[in-house]
Amino acid sequence: MDQAIVRQKAVDEIARHFYHHLLAEQSKAPELIDAIRFDRKSARAINADLIDRVRVEFPAAAAAPPPEYNFIVKWAQLNQFHLRYEEFAFEAYNLIFMERLISLKRWSDEGHREFKRTTIEVFDKFDTEQDGFSVSFFIRAENNMRELLREIVDGAPDFSDADRATAWELIFQQSKEYQEVVNEFFEQVLNQALRKSEDLLHNILPVKISDELKQNGRVLPVEIPQATVLFTDFKGFTMLSETMSPERLIAELDECFSAFDQIIDRHNLEKIKTIGDSYMCAGGLPEANRTHALDAALAALEMREAIANLKARHAASSQTYWDVRIGFHTGPLVAGVIGRKKFSYDIWGDTVNTASRMESSGAPGRVNISEAARQQLKYFFECEPRGRVAAKNKGEMEMAFLNRLKPAYAADADGLKPNEAFYSAYKKIQAGARVVFRSEI
């Protein structure tokens with residue numbers, strides 16, 4: 001028999017079994033097949049559409065008498081589904097199987113590509129985190145289906161042994177194609193899972209540190225000669241938190257810290273951690289740079305402005321809100337990763353302690369900086385000297401309030417946004433080049 005005729009007769013016989021399985025699906029319990037499930041549709045609606053497609057694509061199969069058995073019932077038994085046939089809706093697999101029939105019928109490169117595309121499309125809508133969802137299950141289920149299809153074509157009328165061999169070869173080739181689709185899909189799922197885990201790791205640790213941890217299984221502590229550490233704390237937080245619901249308290253903190261996250265990301269700083277209502281970040285690590293003090297200063301001014309805007313918004317609704325104290329210091333420190341199961345990138349040293357004292361010795365709505373930090377900033381920013389101020393466990397220390405960018409380097413009247421002159425000097429400092437500061441400073 002001609003191969004095209006063999007293929008048509010084989011696919012009609014398979015379609016006959018599939019058609020009567022679809023009819024059986026529609027007689028299942030309404031609460032099962034009328035529920036909105038896969039692809040935001042009911043199994044009844046999906047199967048009804050498939051029944052109509054079988055009638056159009058395979059009219060002879062739809063008109064033929066029902067087979068002696070339901071091949072999907074046997075398939076479910078072979079796969080050891082935990083539910084009986086009548087307790088499970090197969091709408092997702094029915095969609096794939098319909099495309100399989102169409103591909104067998106057309107048997108062309110275009111048909112094979114369409115089968116692959118639509119199968120991946122259905123796979124993409126699966127809940128990949130459900131129990132039992134694995135490549136081994138899919139391959140085992142396909143092996144069982146391939147043997148059932150062999151049984152179906154072996155029972156086709158008017159087939160010689162050669163015809164059966166031809167039909168089986170077609171089924172086998174398509175089964176290989178389906179398994180390739182399964183492997184490709186699960187490779188995508190694996191890559192997505194890896195990307196998610198890497199994104200999560202990068203959210204916890206700096207990229208350089210997470211890469212070192214993945215490669216070596218550990219991160220060696222590093223001495224950093226110069227870095228800038230910044231702390232924030234909310235004045236009035238304790239009192240206000242006592243009047244807020246837990247939900248609102250977390251929402252308010254999340255809004256503030258999310259704004260801070262975005263600000264430090266723009267200014268090349270690394271978030272170290274939050275402790276209660278305190279936020280800690282640093283510049284000049286893990287990759288050393290020459291601009292960490294400038295980066296911290298710009299971020300601090302933006303943080304101060306962000307909280308001022310939030311406070312004004314709450315005041316417009318007659319709601320009280322907290323103020324922010326910000327402080328930072330520049331100096332040497334040690335950085336590293338602690339923990340074996342829950343990793344944390346942290347920093348230690350007197351610079352960290354001094355930065356904390358800059359924050360606690362500051363004032364609400366102000367940015368308080370150390371003398372070491374002021375020396376790094378004095379050409380670009382207006383700093384208000386405070387003289388020697390007592391700091392807990394540190395004695396008296398020279399401090400200053402960071403107010404704004406100097407007019408020569410500001411793009412706005414408030415001195416919060418740098419202009420081109422600032423960025424020109426910034427790039428030179430970044431590159432280690434000598435900077436000639438503007439004469440009006």
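Q: What makes the largest cavity count as a cavity, and what is its volume?
A: The largest cavity has a volume of about 40 Å³. A cavity is a set of points, on a 1 Å grid over the protein atoms alone, where a 1.4 Å probe fits but cannot get out; the volume is the space filled by probe spheres set on the points, which are joined across faces, edges and corners. The count comes to 1 cavity of 30 Å³ or more. This is a predicted model, in which local features need pLDDT of at least 70, side-chain atom pairs count only at pLDDT 80 or more, and totals for chains, interfaces and linings use all residues. Residues are numbered from 1 along each chain as its sequence is written, and side-chain values use heavy atoms, with hydrogens and water left out.

Q: Which helix gives the most to the lining of the largest cavity?
A: Helix H1 does, with 4 residues. Lining residues have an atom within 4 Å of a point; among them are Arg7, Leu104 and Ile171. Helices are DSSP runs (H or I, at least four residues), numbered from the N terminus.

Q: Why is cysteine 256 called buried?
A: Buried means under 20% relative accessible area, exposed over 50%, and partly exposed in between (1.4 Å probe, protein chains only). Cysteine 256 has 0%, so it is buried.

Conventions:
1 Å grid on protein atoms, 1.4 Å probe; cavity = no way out; pocket = protein on both sides within 12 Å on 5 of 7 lines; lining within 4 Å. Helix = DSSP H or I, 4+ residues; strand = E, 2+ residues; numbered from the N terminus.
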